[in-house]
Amino acid sequence: MDSQIAKIYGACNPDNPASKEFYYDCSAARGKNVFVEQIKDHIVLANASMHEFSDAGDYKCFLFTGHSGCGKSSELKRLVRELDSYSEESRFYPIFIDANEYLDKFDVTITDILLAIATETADILQKDESLKIKGGYFKKFTEKLGETVFADWEIEKIGVDLPYGFPKLDIKRLAKDDSARKLVRQALKDDTYLLLREINSLLVNARNEIQNLAAHGASQNYKDVVIILDNLEKIERFGDAEMGLESARKLFLNFSTQLTAIESHIIYTVPIDLMRSNDASVIGKLYDKSFVLPMVKVFQRDGETPFEIGVEAMTEILKLRLGGIERKAAFTDEALDLLIKYSGGHIRTFLLFAREACTDADALPITAENVNYAINSEYQNISPNFFPTYTWEVLAKLDLSSNQNIDVEPAQCVEVLEKLLLFEYINGDDETAGNQKPNDRNRQTPWYAVNPIYRELDQFKAAKEKLSNPPQENTEVE
Amino acid sequence: MNNLDLELQELDEKRQMRNLANAVKLADSFSLLFVRCNQRPRQKEIIKELKGQLAEYKIKVIFLENQIEHLLDELEKELGDEKPDSVFVYGLENSFPKADTAAESKFVVTLNHSRNSFKKVLNCPLVLFLPEYALSAIYHGATDFYSIRSGVYLFSAKAEETEQLISQHTSQAYRELEGLLFEERQNRIKTIEELFAEYQSLPVSQRNLDKENRLREKLAELYYISGEYGKAQNLYQEAIEYYRNSKDLILLSSALNNLALVYKNQGENGEAINLFREASELVKETVGRKHPDYAIHLNNLALVFVNQRRYDEAIDLLKEVLEIDRETIGKKHPTYAAHINNLASIYTDQGKYDEAIDLFKEALEINRETIGENHPVYAGGLSNLALIYTNQGRYNEAANLFKEALKIDRETIGRKHPNYAIHLSNLSKLYYKQKKYQEALSLVEEVHQIRLKTLGVNHPDTRDIKMGIDMCRMKLKEKASILVPYKN
């Protein structure tokens, strides 16, 4: 086996968000949606006005969404790097929380979320040796839990091993332990407000420290804290709500007060179907701003004409993964074209196809034949049984409609979006896209295309055929 | 950009296999691979083939036989300190056996939580072998887990293949199954059990209930042949239920007949008679009495009468049976031979030895020409003839025939079969008559062990043979006490 193929195979692992060396800024191909810069600008601006006009904090609460695997976590990781890096104006202290580590996505309450935020925030702050935060934050809670839930657990002792915070490993363990989780909720059921207050109090203390680091020899102060809660969109069941969209509604609508009560800039990830559902406008009023990360646009709305900037972005992503190997030596032009076209600009799929093509190749370069086989392998594995029967009609209607205003249940539309059968794109200032009026509204209006590999499915083709040739009505002849 | 289009192509299984092996070779850390294959026996073949292609790699194969909740915990337990180059897991669907609730099962849900922890436990490719419905459950219930895959490899996912396997396994006739070597039949049972379980786990839309029921009956038949009457009884009852609903009367009559046989062999004569009567009535109403099936049911009914020593009724029935046979299947047929044997057995019981011997010899001749000598049915004929010789005091001829029969039994039905026990017991009676008590004792003890397992401790035949043991022991003691004075 060619060792270089193994290298490519390893580098194209779609499992992890792109690290710094693999990150490529695709914003030009995502409709000029410079998410990271925009968020940073918003935060900088909020902080500037905060100090001039008032004492009270004007903290921003943002929502961030996009298709699963389209690069959300990679963008958030980049945001963390950007916030934390030196710049002329300011830098921010990032607290990145992976909700997956704390939550059982099929059973989540607001207490669980706040507990995750409190635990990770306290943990990061006290592991930072440049900060000297004192005060027994969360002591009341840990004592309470220590008596009941954690009584016979071997826990990290707060106050002995750690000055404050929660025993992180034990709180994480709750994600896997239903009964302990229930006990914790029971113990803390009247304490949501107290917990929030304590988090905020810790944040005030942290802010004082990070804003005066320079006095203790650091090269630059931080302006403020920014909390990022990633993977929160993965929640399937919140409280006793129905699974899926209903649960997301309940959390982000009914509990927006709690989510926005944390006195810090904060970013939550939300599911894309919620942001594209009828509730989007209400949500828009509850939170400061929401951002949708679209697919990398690799073709125009006709589904045929390639969009060169997007194609180039995908090529660059692959090049970064290839390390020292020349792109043309690794993938032929045709192979790359096929990869890009059938990924639809969805980065995880793109890397998955590249990876699978590696297993079909005996030697470099990987050919269109290899890629074709890899895509076929994925294609043959799509079982129409996986999806409800109305799926194909919804997709066909969307595909045939020129304005994508179609007459189906919105729930069905957002479902195909969530299941990655349908991709969202934004033109941005692509002059070639036929934006009639190059105003912002047009540029930022999303449009949808069927995931290219599902376009090949017989069920989809048949539904399209049926819709384009409606059966003629039989007139009765007497 | 050239704007190439995807060329849809059939998957080539050899290439799939090679690419799957490559995916294992190429990975330098954790990666997740799915193999979608609906047939468990096929999954095992793929695993074997893959292991062949990955000969230099240390592959840990884990079969999850029992229902579990945490795959990761289970893997940690199974692996211990082992550091294999790849881990293959099959049998996951045992942990979420019902297709319609699979996506919400605890197992699938916890897969999703632990998706980020797999790479902490496993530093090598994890290959999961699953039927389609299980993969669908993971796709819906553990979307994140599914999304970190590095490939899904499809091997003949079509339900038709299961059906093909089913027809392959259901096409064998009873006599062929009965003629299987003991080991072969155990394997066959296992294969059909797996196939049956797997077929039942398919989504309802893909299940062909007729075929499934045929598989059920075939499995019941194998249990019956192996003397596992309890299992056979349950499956036949399900099959009968199915045919009563589907109104397929001929198949219903045959299932009733088979269930009656199970009852008869357990000594429940009343139940058996009712079922045989219902079966024969059904045949008479649908296709008339000139039909081999009608003859079969009457014959079986006659055998129950023999058990009850209602010989005259039995003889009348058997004569009617033979007449129908001659008009339908003809004389050169193992079934005709079997019916002759049955009549001869009654004559034996009645002491009409000469008439019986002629009939037994006729039957043996037919069997030799049709099914051959190395067959348990032929062995049965030998044993029947030998019984008469025993009764006539022709011990040496009888012993040779019994031994020949037992040899055929061992090669065909194995040493745990009720029929083997019958032949052993016949030989033991001969030894007893010859006053060879030690030889007789070792045989009846063996018969007793078999009957304990097949008939249970309370069955009359088991109690009979227990009495045989006591009698042999008693005789041996008497003999010993006679011998003792001579020793001193």
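This report describes selected helices, strands and cores of a predicted model.

## Basis

The model is predicted, so local features need pLDDT of at least 70 and side-chain atom pairs count only at pLDDT 80 or more, while totals for chains, interfaces and linings use all residues. Residues are numbered from 1 along each chain as its sequence is written, chains are lettered from A and ligands numbered from 1 in the order in which they are written, and side-chain values use heavy atoms, with hydrogens and water left out.

## The five-stranded sheet of chain B

Chain B holds an open sheet of 5 strands with parallel pairing, in the order β2-β3-β4-β1-β5. Strands (E, at least two residues) and helices (H or I, at least four) are DSSP runs, numbered from the N terminus; two strands pair if DSSP finds at least two bridges between them. At the edges stand β2 (59-63) and β5 (149-154) of chain B, each with a single partner strand, so one side of each has no neighbour in the sheet. Direction ignored, neighbouring strands are turned by 20 degrees against each other on average.

Strand β1 (residues 31-36) of chain B pairs with β5(B) in the parallel sense over 4 bridges. Phe34(B) stands opposite Val152(B) of β5(B). Helix α16(A) packs on the sheet, where it touches β1 and β5 of chain B, and its direction makes about 55 degrees with that of β5(B). Such angles run from 0 to 180 degrees between N-to-C directions, with axes as lines fitted to C-alpha atoms, for helices over the stretch in contact. Helix α2 (residues 40-53) of chain B lies across β2, β3 (86-90) and β4 (125-130) of chain B and runs at about 165 degrees to β3(B).

## Helix α16 of chain A and the cores

Helix α16 (residues 347-360) of chain A has 14 residues, which at 1.5 Å a residue should span 20 Å; its end C-alpha atoms are 20 Å apart, in agreement. The expected span is 1.5 Å times one less than the number of residues. Because 14 of the 14 residues of α16(A) are buried, the helix is largely enclosed by the rest of the structure. Buried means under 20% relative accessible area, exposed over 50%, and partly exposed in between (1.4 Å probe, protein chains only).

A nonpolar core is a set of buried Ala, Val, Leu, Ile, Met, Phe, Trp, Tyr and Cys residues joined through side-chain atoms within 4.5 Å. The largest has 141 residues, and Phe331(A), Phe34(B), Leu71(B), Val89(B) and Leu126(B) have the most contacts inside it. Its largest share, 7 residues, comes from α16(A). Another core, of 92 residues, lies apart from it and includes Leu195(B), Tyr294(B), Leu298(B) and Ile346(B).

## A strand pair in chain A

Strand β6 (residues 422-426) of chain A is largely enclosed by the rest of the structure, because 5 of its 5 residues are buried. Leu422(A), Glu424(A) and Ile426(A) lie on one side of β6(A), and Phe423(A) and Tyr425(A) on the other. β6(A) pairs with strand β7 (residues 446-450) of chain A in the antiparallel sense over 5 bridges, and Tyr448(A) in β7(A) is the bridge partner of Glu424(A).

## Two buried helix residues of chain B

Ile465(B), in helix α23 (residues 460-487) of chain B, is buried with a relative accessible area of 6%. Ile465(B) and Val447(B) are 18 residues apart in sequence and 7.2 Å apart in space, C-alpha to C-alpha.

Asn300(B) belongs to helix α15 (residues 292-307) of chain B and is buried, with a relative accessible area of 7%. Neighbours within four places in sequence left aside, Asn300(B) is in contact (heavy atoms within 4.5 Å) with Asn257(B), Leu261(B) and Phe276(B).
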